[in-house]
Amino acid sequence: LATNRGKAGALQSVLASIKTDVIVCLDADTQCDSSDWSGMLSAFDDAALGAVTGKIRPTDGGGPVEWFQALDYLTVIAVIKSAESSWGGLLTVSGAFTAYRTAALRAVGGWNNQSSTEDIDVSWRLQAAGWRLAFESDWIARVEMAPNLNALWRQRRRWSAGLGRALRDHGAN
């Protein structure tokens with residue numbers, strides 16, 4: 001893009017030109033480990049499914065900041081998403097590694113350019129419109145971690161601000 005519109009803006013700019021039934025979003029700092037996507041794709045046999053997210057693991061790191069993030073990813077992604085899935089749905093997809101039904105995205109207007117946590121925002125709008133979210137634990141990717149405490153602080157502050165905005169935007173729904 002000629003100007004930086006953020007992740008949501010970049011995704012939104014291509015939504016109108018997508019011709020496939022499913023669009024997969026993979027962050028620039030994320031690498032897909034899975035070569036077999038059949039489990040993720042077969043989840044879309046459920047006509048009510050709007051998005052499916054995979055299991056995210058951190059890249060290998062050796063310091064305390066990386067260990068903290070590895071523990072965080074283990075608990076949030078592996079344990080919580082698995083539990084939510086067994087209970088029948090997810091609160092949010094993980095924006096770093098998600099496949100969306102293109103029609104579902106278009107039905108809710110795609111990604112919100114004003115959101116710094118586009119994954120939370122689009123997850124909640126999909127669910128408000130009646131779409132279901134799923135977790136596929138066999139679909140795995142690795143994400144680079146914040147390299148130091150300062151970068152981790154900035155990342156988590158952005159995530160917290162984005163969650164706050166999502167709560168304000170969707171709190172009445």
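Reader: Which side chain does arginine 156 make a 3.0 Å polar contact with?
Author: That would be glutamine 155: the two side chains are in polar contact at 3.0 Å. Keep in mind that this is a predicted model.

Reader: OK, and what about aspartate 72, how far is the polar contact there?
Author: The side chains of arginine 156 and aspartate 72 are joined by a polar contact of 2.7 Å.

Reader: What else does arginine 156 touch, if I skip residues up to four places away in sequence?
Author: Phe68, Gln69, Asp72 and Tyr73.

Reader: Is arginine 156 buried or exposed?
Author: Arginine 156 counts as buried, because its relative accessibility is 18% and the cut-off for buried is under 20%.

Reader: Where does arginine 156 lie?
Author: In helix H6.

Reader: Let's stay on that helix then. How many residues does H6 have, and how far does it reach?
Author: H6 has 22 residues and spans 31 Å from its first C-alpha to its last, which is close to the expected 32 Å.

Reader: Which residues of H6 are buried?
Author: Ala151, Leu152, Gln155, Arg156, Gly162, Ala166 and His170. Looking down the axis of H6, you'd find these buried residues within an arc of 125 degrees, so they line one face of the helix.

Reader: What do the buried residues of H6 pack against?
Author: They pack against two helices, H3 (64-86) and H5 (118-128).

Reader: And which residues are exposed on the other side of H6?
Author: Leu149, Trp153 and Arg168 are exposed there.

Reader: What caps the N-terminal end of H6?
Author: Asparagine 148 does, with a side-chain oxygen 3.1 Å from the backbone nitrogen of asparagine 150.

Reader: I also clicked on aspartate 169. Where is that found?
Author: Aspartate 169 is in H6 too, which covers residues 149-170. Its relative accessible area is 38%, and that makes aspartate 169 partly exposed.

Reader: You mentioned H5. How many of its residues are buried?
Author: Nine of the 11 residues of H5, so this helix is largely enclosed by the rest of the structure. Among the buried ones are Val122, Trp124 and Leu126.

Reader: What do those buried residues of H5 pack against?
Author: Quite a list: H1, E3, E4, H4, E5 and H6.

Reader: What follows H5?
Author: Glycine 130 comes after H5, and its phi is positive, near 100 degrees.

Reader: New topic: how many residues are in the largest nonpolar core?
Author: There are 33. Val52, Ile56, Tyr100, Leu105, Trp111, Val122 and Leu126 have the most contacts inside this core. E5 gives the largest share, six residues.

Reader: What does valine 52 touch, not counting residues up to four places away in sequence?
Author: Its contacts include Met40, Phe44, Ala99, Phe135 and Trp139.

Reader: Is tryptophan 139 buried or exposed?
Author: Tryptophan 139 is buried, with a relative accessible area of 0%. Tryptophan 37 is partly exposed at 28%.

Reader: Which residues do the ring pairs link into a cluster?
Author: Trp37, Phe97 and Trp139.

Reader: Last one: where is arginine 57 found?
Author: In strand E3. Arginine 57 is partly exposed, at 32% relative accessibility. Leaving aside neighbours within four places in sequence, arginine 57 is in contact with Ile140, Ala141, Arg142 and Val143.

Methods: Residues numbered from 1 in each chain as written. Predicted model: local features only at pLDDT ≥ 70, side-chain atom pairs only at ≥ 80, totals over all residues. Heavy atoms only, no water. Buried < 20%, exposed > 50% of the residue type's maximum accessible area, 1.4 Å probe, protein only. Phe/Tyr/Trp six-rings, centres within 6.5 Å; stacked < 30°, edge-to-face > 60°. Helix = DSSP H or I, 4+ residues; strand = E, 2+ residues; numbered from the N terminus. Expected span 1.5 Å × (residues − 1). Arc of directions from axis to C-beta. Contact = heavy atoms within 4.5 Å. Polar contact = N/O pair within 3.5 Å; in protein donor to acceptor, adjacent residues only side chain to side chain. Core = buried A, V, L, I, M, F, W, Y, C linked by side-chain atoms within 4.5 Å.
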